[in-house]
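Reader: I am new to protein models and would like to walk through this one with you. Could you take my questions one at a time?

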Amino acid sequence: MRKLRALRVIGAAFGLLAAAAALHAPALAQHAYPAHPVRFIVPLGPGSGSDTITRLAAKLASTELGQPTFVENKPGGDAILAVQSLLASPADGYSVLMLSPSSMVINPLINDSLPYDAQRDLRPLATALRSAAVLVTGANSPYKSYAEVTAAARSKPRTVSMASYSHHYRIGALMLQQAAGVEFNYIPYKTPGQVQTDLMGGQVDLALLDIGGAMPLIASGKVRALAVTGKERHPQLATVPTLRESGLPNYDLYVWIGFGVAAKTPEPVTKALEAALLKAMAQPEFRTYVTQNAGAEAFTVGSKEFDALIASERARYQQLARQVDISGR
């Protein structure tokens, strides 16, 4: 009888332990993040500057996370396809989206039927970089300065053509003409390569290009840099004035990229991911690549500052949208 009673006590104890383990299993699983590879989604094709930066950030974050990472390209729809891919996956931190002004700020302003709500559905974690653009013209163009461009556009409205391959640069061009009090003949393109080809061939007068992509063309003399859109001169284009120096004291335009997850991702997971990304992008390898190869600024802040940046840009572009049609429709 004593043995039977002892066995019953032991059995009950094991039952209590099993029940406790079952109750705490979700918490233990959560603390074990990450337990398998993490996917990074890029809303552009392979080989783009954003793709290269994401691959480097993912590689360095792999060391911090203790798990492999891999990159999946989902180009199309001005980042909409990439956002949909993220939101169609479990909100568990194993899918990370490369964020940009297109997905977080511009799409909600120009697309009335956007299949996601940037503020409700996406959670920014950390920025990676920011880069100014450069206003360029062809090597055989008659324009040698921004002042000559505005003089021509002012004397004959819509005769000076401005090419763009994204909504962000479309908005940049609208901001430019609004600040200068002129009107360009806006010509939309699908890819930066098409813009560069027509710019070099003289089919279009002007374009706003990302500095990293434009640098080789400027260095080889195939295009001429007229002004940069940052608040300060670019270190690799030290002789090129800013638009602020060229008569537009309040103008600046930056492209930034960062990373985020689905908004429903558990808080401990988002904190772990944010910390890993910030450590990865603080490494000299990442910062050196950004400045020397991408022609950008290693601009790395966490979720709180990232949220403030997006809110500021959203307010700025909303004000512009009330004054002009930024959709290009």
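Reader: Leaving aside its neighbours within four places in sequence, which residues is S62 in contact with?
Author: Happy to start there! Contact means heavy atoms within 4.5 Å. With the neighbours within four places in sequence left aside, the contacts of S62 are Q67, P68 and T69.

Reader: What kind of model is this, and how are its residues numbered?
Author: This is a predicted model, where local features need pLDDT of at least 70, side-chain atom pairs count only at pLDDT 80 or more, and totals for chains, interfaces and linings use all residues. Side-chain values use heavy atoms, with hydrogens and water left out, and residues are numbered from 1 along each chain as its sequence is written.

Reader: What is the mean pLDDT of the chain, and over which residues is the pLDDT below 50?
Author: pLDDT is the predictor's confidence in each residue, from 0 to 100. The chain has a mean pLDDT of 88, and 88% of its residues reach 70 or more. The stretch with pLDDT below 50 has three contacts in the model beyond near neighbours in sequence, and it covers residues 9-30.

Reader: Is S62 buried or exposed, and in which helix is its place?
Author: Buried means under 20% relative accessible area, exposed means over 50%, and partly exposed is in between (1.4 Å probe, protein chains only). S62 has 18% relative accessibility, so it counts as buried. Helices (H or I, at least four residues) and strands (E, at least two) are DSSP runs, numbered from the N terminus. The helix that holds S62 is α2.

Reader: What length does α2 reach from its first C-alpha to its last?
Author: The expected span of a helix is 1.5 Å times one less than its number of residues. α2 has 17 residues, with 24 Å expected at 1.5 Å a residue. The model is close to that, as α2 reaches 24 Å.

Reader: Which residue forms a salt bridge with D51?
Author: A salt bridge is a side-chain nitrogen of Lys or Arg within 4 Å of a carboxyl oxygen of Asp or Glu. The closest N and O atoms of this pair are 3.0 Å apart. Both residues lie in α2, four residues apart, about one turn of the helix. The partner of D51 is R55.

Reader: Which of these two counts as buried, and which is partly exposed?
Author: R55 has a relative accessible area of 37%, so it is partly exposed. At 3% relative accessibility, the residue that counts as buried is D51.

Reader: Which residue meets R158 in a salt bridge?
Author: The N to O distance here is 3.5 Å. The pair links distant parts of the chain, 25 residues apart, with R158 in the loop between α6 (146-155) and β5 (161-164) and its partner in the loop between α7 (167-180) and β6 (185-188). That partner is E183.

Reader: Which residues touch the most other members of the largest nonpolar core?
Author: A nonpolar core is a set of buried Ala, Val, Leu, Ile, Met, Phe, Trp, Tyr and Cys residues joined through side-chain atoms within 4.5 Å. The largest one has 68 residues. The members touching the most others are V134, L176 and F184.

Reader: How many of the residues of α7 are buried?
Author: The buried residues of α7 include Y169, A173 and L176. This helix is mostly covered, and of its 14 residues the number buried is eleven.

Reader: Which strand pairs with β9 over nine bridges?
Author: Two strands pair if DSSP finds at least two bridges between them. β9 (residues 254-262) has eight of its nine residues buried, and three antiparallel bridges join β9 to β3 (residues 95-99). The strand that pairs with β9 over nine bridges, also in the antiparallel sense, is β4.
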